[in-house]
Amino acid sequence: MTILQTRRRFLASAASAAALGGLSTLLPALIPGAVRPAWAAAPLRLAVERRVLEVMGKPASVFGIRQPDGTSGLFLDPGQRFLVDLANRAGEDAVIHWHGMTPPYAQDGVADANRPLIRDGASQGYDFEPRPGTHWMHSHHGLQEQRLMAAPLIVRTVEDRREDAQEVTVLLHDFTFKDPAEVLAGLTGGGMSHGGGHGSGPRGHGSGHGSGHGGAMPMMDHSNMKGMGGMTMAAMDLNDVEYDAYLANDRTFDDPEVVRVERGGRVRLRLINGATSTAFHIELGALDGTVVAADGNPVQPVTGRRFGMVMGQRLDILVRLPDEGGAFPVLAQREGERQRTGIILATPGATVNKVAGLADGAAGPVDLSLERRLTALAPLAPRPTDAAFTIRLTGGMAPYVWTIDDRPFGEHRPLTVLKGQRVTVTMVNESPMAHPMHLHGQHFQVAALNGTALAGAVRDTVLVPMNGSATIAFDADNPGRWPLHCHNLLHMATGMMTELVCEQTI
């Protein structure tokens, strides 16, 4: 029996205790510098730190999550544990959520009554079995995520290694030079009466360090743009705010990333929508793409050239470059708008032309057209439902408060289940905006869209459209208190969050 095996059992016990309300007595052993024998595997080192990013010729003070060599995020090999020491050098308290992972409760990277923030200058150790696929990491405290406290988290499989394809990871962001707290105050009228649970609200540290380079974010005006069924996009309320820029791997089309690829070669695009408040249409132009995974989970192949992604979601798309080569932009256009970002795939000797940051026309809303086509390669086994819930997505623009069942987080009613139960949750959207709903601690299968049953993708984030619904199903196998929230940070910050409480069976 090794020390690591003993530690794993301890972490499992901690997660069980959490579900029974006893985690607080176990947490000190998880805080900085858990002792490891000298012969044990060395942990990977990550640091949350400040950096200066140039956007459209202006410097901006932002955050980063980097390895000692400057690599953003983590890329794990097949079979490699998530054995990480995370140092907080941000100048303020922080906590990092491992989005897509299903770790023990104590290691999820969310601060609450049982799990403290990582204080500035302190470190936190993590050790768990990672979930394969394309995932990401981001702050779950204050509005730090808006200031780019996020990075890729890629866990490769043996099959990935065997695949004859070049990997290209793209992390998308929306960016503002303004202080995110000022942006939110402009929406709420300067006051916040709710929200902030799990460190998510503007009252937390980290929401007040903008660069001061202008960049106003007024309310959007879509009055001249038509949406589905003749409805104006203003009525659909696609976007609350205007951003200064949209980034792909920290760059705009003023100075895009050009990735060198082989003529006739295959590329696996690992696309991550890390934007705070923006859904994107992925446009492949002249290339045909095949979606092979959603939120890190394999799906039956779906081909096309245009795919929608809402905040928090990931898509793995395989593309083949033509034998004659060339330069091929991979575009991400904001829904309802002309603004776009992206990267360029270019074969040796290809001429790389400038790509405009504005498309010729506005994109429509991201809808469920892709979601309806996705089918899990490893679906849930058929079995009866043990616990079924229906929740309503509520709230609106005036006042700017977003809620679940008309209750902001802090006044919420948790969904309580027992470990081992088959659970379904139907989310009915009664609000004037679509919401990307993300569940921590469990991955789920999309079981119905707008009341129509399907055996959809296994995911952790699903779009619930305005006037629509989505039903998710999962086997509750991870004890703890797991946030279920909208992944529009501004919506979560004003209250659109509840909890799934998975209790250990006795």
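In strand S8, the residue that forms a bridge with Phe 75 is Ile 154, and this pair belongs to a predicted model, in which local features need pLDDT of at least 70, side-chain atom pairs count only at pLDDT 80 or more, and totals for chains, interfaces and linings use all residues. Residues are numbered from 1 along each chain as its sequence is written, and side-chain values use heavy atoms, with hydrogens and water left out.

Strand S8 covers residues 150-155 and is joined to S3 by three bridges, the two strands running parallel; strands are DSSP runs of E with at least two residues, helices are runs of H or I with at least four, and both are numbered from the N terminus. Two strands pair if DSSP finds at least two bridges between them. In general, strands of a sheet pair through backbone hydrogen bonds, either parallel or antiparallel. Here four strands form an open sheet in the order S3-S8-S7-S5, with mixed pairing, and its edge strands, each pairing on one side only, are S3 (74-76) and S5 (96-99).

Elsewhere, Arg 314 lies in strand S17, which spans residues 314-320. Arg 314 counts as buried because its relative accessibility is 0%, where buried means under 20% relative accessible area, exposed over 50% and partly exposed in between, with a 1.4 Å probe and protein chains only. The side chain of Arg 314 reaches the backbone oxygen of Gly 312 at 2.9 Å, and a polar atom of this side chain also lies 2.9 Å from the backbone oxygen of Thr 134.

Taken as a whole, the protein chain has six helices and 31 strands, and 59% of its 506 residues count as buried.

Notes. Polar contact = N/O pair within 3.5 Å; in protein donor to acceptor, adjacent residues only side chain to side chain.
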